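Subject: Structure handover and notes

Hello,

Please find the structure below. My notes on it follow.

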Amino acid sequence: EWTRDWLAAQEAFEARDWKAASESYGKLCRLVRRHQEPYLGLSLEAFLGRGVAFLQLEEHTQAVEDFVTLRALWGESLQPGLLLVRAYLLQDRSADADRIAEDLWADDRFTRDEVSVWLAATYGQARRRDAEGICFNLYYPGWELIYLEGQPIWVLTEPAHVPALDASAEV
């Protein structure tokens, strides 16, 4: 029976029928919660699919719940944390988003370059803006992401953080 739900979820997601996708993935999530995972990775696919469908439906609270679960189950992957950051930003919970971003930044399983690039994309996709732009100095020292006519642009603000641009830096 789970195969019908899995196929329905795939078809609904492909068709961008987010309501049907969330319902079909929901059945798979319930299956996983009953400790029945017919193949390795179904938990990842189910909670990821339903969470993304919830984001598309602007049901951010439900998306947060799925991404928290996903992060608990698949914390060795960067994506659950990034999706959680995005859901928090869409809820205007920037302090929670920043806390998760800082956790990802400090996690030795991920390179700082990888985390920086993905966080920039995540914050940019969520369209989190303020009068000063978005500051990413925490994630990429010396660089700041600003918006110019709605387009994200990285600006080098402190050349001393980039040895090739700092004349006093030892190479």
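Which residue takes a positive phi just after α5? It is D92, with a phi of about 60°. This is a predicted model, and the notes below should be read with that in mind.

**Overall**

The protein has seven helices and two strands. Along the sequence they follow the pattern α-α-α-α-α-α-α-β-β. Of the 171 residues in the protein, 40% are buried. Among contacts with a separation of 6 or more, 38% are between residues 24 or more positions apart.

**Two positive phi values**

D92 sits in the loop between α5 and α6 (94–106). D92 has its positive phi although it is not a glycine. Most residues other than glycine have a negative phi. With a relative accessibility of 72%, D92 counts as exposed, because the cut-off for exposed is over 50%.

E58 is another such case: its phi is near 60°, and it too is a residue other than glycine. E58 belongs to the loop between α3 and α4. Its relative accessible area is 61%, so E58 is exposed.

**α4 and α5**

Helix α4 (residues 60–73) has 14 residues and spans 20 Å from its first C-alpha to its last, close to the expected 20 Å. Helix α5 (residues 78–90) has 13 residues and spans 19 Å between its end C-alpha atoms, close to the 18 Å expected. At the start of α5, the backbone nitrogen of Q79 has a side-chain oxygen of S77 within 3.5 Å.

How are the two helices placed relative to each other? Their axes are 9 Å apart and the packing angle is about 160°. That is over 145°, so α4 and α5 count as roughly antiparallel. The crossing of α4 past α5 is left-handed. On the α4 side the residues that meet α5 are H60, A63, V64, F67, V68, L70 and R71. On the α5 side they are P80, G81, L83, L84, A87, Y88 and L90.

α5 is mostly covered, with 10 of its 13 residues buried. The buried residues of α5 are L78, P80, G81, L82, L83, L84, V85, A87, Y88 and L89. In α4, the buried residues are H60, A63, V64, D66, F67, T69 and L70. The cover over the buried residues of α4 includes α2, α3 (42–56) and α5.

T122 is in helix α7 (residues 112–125). Its relative accessibility is 5%, so T122 counts as buried. Which residues does T122 contact, leaving aside neighbours within four places in sequence? They are L82, V85, R86 and L89. Of these, L82, V85 and L89 are listed among the buried residues of α5. The side chain of T122 also reaches the backbone oxygen of W118, at 2.7 Å.

**R50**

R50 lies in helix α3. Is R50 buried or exposed? At 14% relative accessibility it is under the 20% cut-off, so R50 counts as buried. Neighbours within four places in sequence aside, R50 is in contact with S22, Y25, G26, C29 and D66. D66 is one of the buried residues in α4.

**α1 and α2**

The axes of α1 and helix α2 (residues 18–33) come within 8 Å and cross at roughly 150°. α1 and α2 are therefore roughly antiparallel to each other. As α1 passes α2, the crossing is left-handed. From α1, the residues W2, D5, W6, A8, A9, Q10, A12 and F13 take part in this meeting. From α2, they are W18, A20, A21, S24, Y25, K27, L28 and L31.

Q10 belongs to helix α1 (residues 2–14). With a relative accessible area of 27%, Q10 is partly exposed. The C-alpha atoms of Q10 and A21 are separated by 7.4 Å, and the two residues are 11 apart along the chain. Not counting residues up to four places away in sequence, Q10 touches Y25 and E45. Y25 is also among the contacts of R50.

Regards

Definitions and conventions
Residues are numbered from 1 along each chain as its sequence is written. This is a predicted model: local features need pLDDT of at least 70, side-chain atom pairs count only at pLDDT 80 or more; totals for chains, interfaces and linings use all residues. Side-chain values use heavy atoms; hydrogens and water are left out. Helices (H or I, at least four residues) and strands (E, at least two) are DSSP runs, numbered from the N terminus. Buried means under 20% relative accessible area, exposed over 50%, partly exposed in between (1.4 Å probe, protein chains only). Contact means heavy atoms within 4.5 Å. The expected span of a helix is 1.5 Å times one less than its number of residues. A polar contact is a pair of N or O atoms within 3.5 Å; within protein, one must be able to donate a hydrogen and the other to accept it, and residues adjacent in sequence count only if both atoms are side-chain atoms. Axes are lines fitted to C-alpha atoms, for helices over the stretch in contact, and angles run from 0 to 180 degrees between N-to-C directions. Angles under 35 degrees count as roughly parallel, over 145 as roughly antiparallel, 65 to 115 as roughly perpendicular and the rest as oblique. A crossing is left-handed if the near helix is turned anticlockwise from the far one by less than a right angle, and right-handed if clockwise.
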